[in-house]
Amino acid sequence: MNNDKVTEFLGQFVSDLAATDAAGSVVVGHRLGLYRALAQGPATPEQFAERTGCHPRYLTEWLRGQAAGGYVTYTPATGEFSLTEEQAFCLADPNGPNVPAAFLISLGMLRAEPRITEAFRTGAGIAWHEHHEDVFVGCDAFYRPGYVADLVPNWIPALDGVHAKLTAGGKVADVGCGLGSSSVLIAQAYPRATVVGSDYHAESIELATKRAAEAGVGDRVTFEVATAQTFTGTGYDLVAMFDCLHDMGDPVGAARQVREALAPDGTWLLVEPFTADSVEDSLNTIGRAYYSASTFLCVPNALAQPGGHALGAQAGEAAIRRVTEEAGFTQFRRAAQTPFNLVYEVRL
Ligand SMILES: C[S@@+](CC[C@H](N)C(=O)[O-])C[C@H]1O[C@@H](n2cnc3c(N)ncnc32)[C@H](O)[C@@H]1O
């Protein structure tokens with residue numbers, strides 16, 4: 001045994017353990033608005049207690065733990081805690097990356113650990129709707145900033161002719177839409193287009209309908225509870241799927257439904273998690289996050305559905321392309337990418 005390698009491994013373990021233990025505190029900070037409150041300016045724990053109405057002893061421990069992890073800044077000379085501009089942007093800005101929402105997903109999915117452990121023995125599936133609601137809400141809150149940054153400015157313009165069609169009008173289906181942030185963004189960007197969002201999860205569709213109405217686009221964005229294999233409508237200029245094809249037990253059935261639903265020259269926008277094609281090239285921090293979430297969310301959901309597939313969040317471009325080809329699509333192209341997503345244009 002090489003002791004240096006043991007030391008190196010334990011070093012990684014300590015940082016993993018600290019991050020895992022700190023995840024709950026990030027969610028507490030998010031739920032109680034502590035990051036937003038600290039973004040207002042530096043405070044000692046006592047001042048912070050007055051500002052937030054929370055208990056000073058809890059806040060002291062929370063602030064120190066956050067500072068130890070670099071999520072909060074501590075100034076020993078004054079005993080004050082604060083957020084730098086960058087920390088505030090990532091943790092407290094409604095237009096920022098909403099980092100705490102990612103931990104909401106993690107804590108939400110980890111609640112299912114006993115059932116997941118049992119499922120390893122039995123092979124049983126655990127469907128998306130069986131998880132804690134933090135998973136759905138966290139997913140929407142964490143993914144939305146990425147869609148704001150890229151969907152309208154970069155992804156749609158990267159598709160051949162779609163921007164022009166939607167500017168003139170056009171019909172869009174947003175399949176597996178979850179809480180519908182993507183549907184609303186498309187409707188806001190293209191005031192002449194109509195959007196039909198669908199998801200098999202009724203509670204998500206209920207929230208999506210409410211949010212579209214609040215955003216003032218309820219007249220052009222409608223939602224239905226339907227699976228990707230049964231969603232309704234035909235003649236769509238664009239069918240979009242954001243981060244959901246790999247979750248499905250029957251992705252080929254979904255792809256066939258997209259083929260039926262598209263207008264003859266329509267486009268399927270398929271957004272999937274970033275990954276390399278080979279396992280060895282995915283063995284990095286992003287791959288670790290995706291494989292781990294996939295173990296708790298994507299694979300169990302696919303195994304809970306008929307179809308026999310369980311692509312997982314790191315399926316890779318080749319596997320996704322095969323699904324589209326099996327359903328009869330002939331054109332497949334990587335149109336864009338970000339550190340988190342691969343964006344495919346699929347056509348007949
Ligand atoms: C990771 S979430 C993504 C949600 C949304 N597209 C987004 O980007 O925020 C995966 C979604 O796929 C939905 N889903 C899973 N299997 C489905 C199926 N067979 N048909 C339709 N929706 C499905 C889930 O209910 C969930 O809303």
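Q: Helices here are DSSP runs of H or I with at least four residues, strands are E runs with at least two, and both are numbered from the N terminus; between which two elements does the loop with Asp243 lie?
A: This is a predicted model, where local features need pLDDT of at least 70, side-chain atom pairs count only at pLDDT 80 or more, and totals for chains, interfaces and linings use all residues. Residues are numbered from 1 along each chain as its sequence is written, and side-chain values use heavy atoms, with hydrogens and water left out. As for Asp243, its loop runs between strand E6 (236–242) and helix H12 (251–261).

Q: Is Asp243 buried or exposed, and what is its phi?
A: Buried means under 20% relative accessible area, exposed over 50%, and partly exposed in between (1.4 Å probe, protein chains only). Asp243 comes in at 12%, so it counts as buried. Most residues other than glycine have a negative phi. Asp243 isn't a glycine, yet its phi is positive, at about 50°.

Q: In which loop is Asn98 found, and what is its phi?
A: Asn98 sits in the loop between helix H5 (85–91) and helix H6 (99–110). With 18% relative accessibility, it counts as buried. It isn't a glycine either, but its phi is positive, near 50°.

Q: How much of the ligand's area does the protein bury?
A: Start with the ligand's nitrogens: one such atom is 2.7 Å from a polar backbone atom of Gly176, and a nitrogen is 2.9 Å from an N or O atom in the side chain of Gln305. For Asn301, an N or O atom of the side chain is 3.4 Å from a ligand nitrogen. Taken alone the ligand exposes 590 Å², and the share of that buried by the protein is 96%.

Q: Why do the buried residues of H3 line one face of the helix?
A: The residues in question are Pro45, Phe48 and Ala49, in helix H3 (residues 45–52). Look down the helix axis and they fall within a limited arc, so they share one face. An α-helix has 3.6 residues a turn, so residues three or four places apart point the same way. The arc, taken from the directions from the helix axis to the C-beta atoms, is 105°.

Q: What do the buried residues of H3 pack against, and which residue follows H3?
A: Contact means heavy atoms within 4.5 Å. The packing partners are helix H2 (34–38), helix H4 (56–68) and strand E2 (80–82). After H3 the chain has a residue with a positive phi, near 75°, and that is Gly53.

Q: Which side chain makes a polar contact with the side chain of Ser204?
A: Ser204 lies in helix H11 (residues 202–214), and at 1% relative accessibility it counts as buried. Not counting residues up to four places away in sequence, it touches Phe136, Gly178 and Leu179. A polar contact is a pair of N or O atoms within 3.5 Å; within protein, one must be able to donate a hydrogen and the other to accept it, and residues adjacent in sequence count only if both atoms are side-chain atoms. Ser204 has one at 2.6 Å, with the side chain of His201.

Q: How far apart in space are Val27 and Phe103, C-alpha to C-alpha?
A: Val27 is in helix H1 (residues 3–32), where it is buried, with a relative accessible area of 4%. Beyond four places in sequence, it touches Phe103, Leu104 and Leu107. Val27 and Phe103 are 76 residues apart along the chain, and their C-alpha separation is 6.3 Å.

Q: What separates the C-alpha atoms of Gly79 and Asp174?
A: Gly79 lies in the loop between strand E1 (73–75) and E2. Its contacts, not counting residues up to four places away in sequence, are Ala43, Thr44, Pro45 and Tyr74. Asp174 is 95 residues away along the chain, and the C-alpha separation is 50 Å.

Key: Areas by Shrake-Rupley, 256 points an atom, 1.4 Å probe, with all protein chains shown as cover.
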